[in-house]
Amino acid sequence: MHTVRIKRIYQPAAADDGFRVLVDRVWPRGLSKAKAAVDLWMPEIGPSTALRTWFGHDPERWEVFRRRYRDELDQRRDLLEALRAHGRDGPLTLVYSARDERHNQAVVIREVLDPSGAA
């Protein structure tokens, strides 16, 4: 598998992003599909509404969120395999809209896709 990167959707797309996948359940506010420059929007891989609402991007809830979200991802192995398939063809960039670059679902998805931490 090639490199898995994560990037805020509001940052400009770059040629080395490779295949860009939006991993938010809700489309980012104020962003057109053209400006987003994503190859695929995969809303169903995002955290459930209940988990997302509970987390509220509170860093103090991060470790519990990570554990609960990984449990949700265990039920979405087909989506993870689809991401792996895109990552076999070249670089894969998971894009997200959260302001917090360290505490968001893309971080967890990357951990699941590349447990070695080489990404």
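Which are the buried residues of α5? Select Gln105, Ala106, Val107, Val108, Ile109, Val112 and Leu113. Before going further, note that this is a predicted model, in which local features need pLDDT of at least 70 and side-chain atom pairs count only at pLDDT 80 or more, while totals for chains, interfaces and linings use all residues. Residues are numbered from 1 along each chain as its sequence is written, and side-chain values use heavy atoms, with hydrogens and water left out.

**Stop 1: helix α5**

Helix α5 covers residues 105–113, and seven of its nine residues are buried. Here, buried means under 20% relative accessible area, with exposed over 50% and partly exposed in between (1.4 Å probe, protein chains only). Helices (H or I, at least four residues) and strands (E, at least two) are DSSP runs, numbered from the N terminus. Now show β1 (4–8), α3, α4 (77–89) and β4, which are among the elements that cover the buried residues of α5; contact means heavy atoms within 4.5 Å. Then zoom in on the start of α5, where a side-chain oxygen of Asn104 comes to within 2.9 Å of the backbone nitrogen of Ala106.

**Stop 2: the strands**

Select β2 (residues 19–22) and β4 (residues 92–96): they run parallel and are joined by four bridges. Two strands pair if DSSP finds at least two bridges between them. Look for Arg20, which stands opposite Thr93 in β4.

**Stop 3: the aromatic rings**

Show Phe55, Trp62, Phe65 and Tyr69, which ring pairs link into a cluster. Rings of Phe, Tyr and Trp (its six-membered ring) pair if their centres lie within 6.5 Å; planes under 30 degrees apart count as stacked, over 60 as edge-to-face and the rest as tilted. The structure holds five such aromatic pairs. One of them is Phe55 with Phe65, stacked at 4.2 Å centre to centre with 15 degrees between the planes. Phe55 lies in helix α2 (residues 49–55) and Phe65 in helix α3 (residues 62–74), so this pair ties together parts that are ten residues apart in sequence. Phe65 also stacks with Tyr69, at 5.6 Å centre to centre and 20 degrees between the planes. Both Phe65 and Tyr69 are buried.

Definitions and conventions:
Polar contact = N/O pair within 3.5 Å; in protein donor to acceptor, adjacent residues only side chain to side chain.
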